[in-house]
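Biologist: I'm new to this one. Can you put it on screen and walk me through it?

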Amino acid sequence: MLKTIAIYLPQFHEVKENNRWWGEGFTDWVTVKNARPLYQGHREPRVPLEGNYYDLSDHDVMQWQAELASRYGVSGFCFYHYWFKDGRRILEKPAENLLAWTDIHMPFCFSWANQTWARTWTNVPNMNTWTGACYEKKGQDEGILLRQSYGGKKEWKEHFEYLLPFFKDSRYIQYDGKPVFLIHKPEYMYCLDNMMEYWKELAVLNGLKGICVITVRSNSCNYSQADYWLLQEYDYSFMPRERVYQNGVWTIRYRDAWENILERAYAESDENTFFGAFTDSDDTPRRGSQGVSVADASPQAFEEYYKKLARLAKQRGRGLIFINAWNEWGEGAYMEPDELWGYGYLEAVKKVMDELNRPEERGMLPEGNGMLTEESELLPKESRILPEKNHGVPAKDPGRYLLPSRLRDEKLRIHYGLLSRWMTNNEKGRRIALVLSSLHIHTIAIYGMGDLGRHLAGELETGPIQVAFGFDRKSEFLKMEDPRMYIRERYPDLDAVIVTPVVEYKEIRTWLGTFFDVPVISLEELIAECEIL
């Protein structure tokens, strides 16, 4: 049976931090109410049905949401979870209240929104912001509001122990018999594998079967401790070349966004991937003219496309499908009723779920990866590409869901994005040598001596970190009968191996573990750690 999980923003209640940063009484409703149309036909501001600007600290509000979701075929909510350095939390009260309010039947799980919070968008790519309008009013305190950092096992255990009562709650969503935990920005979490490995151990020690870790919006899928990954839409499949700049704001057609989503989903043959849908999107209330507005969205168009994606998810045996979002009013992504469409988006979800989960449909759509003859109708003819052929993309390539031009574009984007972040760190004095020294790493080897490897060796040349050697897959010593012995004897002081390839890191890390006794760390992890210095 396919289950719909809605992404849930726990922002609509006052907290002292938002009052201090944005003004007394601030919630995202302020952003929503202050929105103004930026072009002809721009549907702003969005108004909830009957002016229901609710407060999530109210028991009756969450009871209403739970009943509404159940009535319209939404199986549960995925709460954004905000946990920062030294156990600092924010917007945690709705989930904590729900844990205490056992009379509310609201299945839920968490997505750790593990970005640093900042007042404005900056060159640091893991930043978050609420609204440019508030920034204009609050010129002081510019910069970082809450800095993300992960610590070590002591901090990881503290975080796990906070989550444990939620994981054990009977309403907490499980998959494979394990509590589901999403990580929203895995690409900036240098310690993801080590931390999740430790959490899974703690879960078993505390009577759970483990943890079902789902990484979100990662383009490389390079995490050995991630059990699944999610194409959270629409921003995952959105391609900048499809934006149109009109009347001072960027727009994209709803149909273009959804055809990207279906194209990627259809080409994605990895059974560990969950699909994501979106209702609508318009972040101009938060970003103003720097935002992107999806044009011509409607419940009718959503139903048409959601049905195609949900049928594909069902056919591929994916038990969960995620929708962005239940209540992201400040980004125009919500299912809750509004003054224009009423209950239209919820009614669309119910119709699709009722159809796909009725007995005759269940018999028609196998739980495995069998093919339906109707699948050819899911996409336009030019997009009907069998996953196993996929235009020559190697079956084990983490980018195998992409068509060739998009695979190339995606790799270039990742590569040059990493270089940009690295240069920004250097301009601000955030050097990789400082991170390595803080980790008590003094002597390293570099795997991958392309331009990234050469830049890394050059940067470390005059500092306290010694580069013992650089190598790649063809290096002769790896072909020896006992490479480990050779490495121990020749480089007894080696503390770590730094891997520069990004897309292939997961496979490389596992492979290098057969040759080295020291930690294998990605360059991307080090650059991410520089950003929180």
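Modeller: One term before we start: buried means under 20% relative accessible area, exposed over 50%, and partly exposed in between (1.4 Å probe, protein chains only). By that rule R286 is buried, at 5% relative accessibility.

Biologist: What kind of model is this?

Modeller: It is a predicted model, where local features need pLDDT of at least 70, side-chain atom pairs count only at pLDDT 80 or more, and totals for chains, interfaces and linings use all residues. Residues are numbered from 1 along each chain as its sequence is written, and side-chain values use heavy atoms, with hydrogens and water left out.

Biologist: How many salt bridges does a search of the whole structure find?

Modeller: The search finds 25. A salt bridge here is a side-chain nitrogen of Lys or Arg within 4 Å of a carboxyl oxygen of Asp or Glu.

Biologist: Back to R286, then. Which residue forms a salt bridge with R286?

Modeller: E328 does, with the closest N and O atoms 3.2 Å apart. E328 lies in strand β15 (residues 327–328) and R286 in helix α9 (residues 284–287), so the pair ties together parts that are 42 residues apart in sequence. Helices (H or I, at least four residues) and strands (E, at least two) are DSSP runs, numbered from the N terminus.

Biologist: Is E328 buried or exposed?

Modeller: E328 is buried, with a relative accessible area of 7%.

Biologist: Which residues are linked with that pair in a network of salt bridges?

Modeller: The network links D28, D283, R286, R287, E328 and E331. Within it, D283 pairs with R287, the closest N and O atoms being 3.7 Å apart. D283 counts as buried at 17%, and R287 is buried at 14%.

Biologist: What about K93? Which residue does K93 bridge to?

Modeller: K93 bridges to E96, at 3.4 Å between the closest N and O atoms. Both sit in helix α4 (residues 93–100), three residues apart, about one turn of the helix. K93 is partly exposed, at 42%.

Biologist: New topic: helix packing. At what angle do α6 and α7 pack?

Modeller: Helix α6 (residues 153–168) and helix α7 (residues 192–205) pack at about 50°, with their axes 10 Å apart. Axes are lines fitted to C-alpha atoms, for helices over the stretch in contact, and angles run from 0 to 180 degrees between N-to-C directions.

Biologist: Which residues of α6 and α7 make the contact?

Modeller: Contact means heavy atoms within 4.5 Å. Among them are W156 and F160 of α6, and Y198 and W199 of α7.
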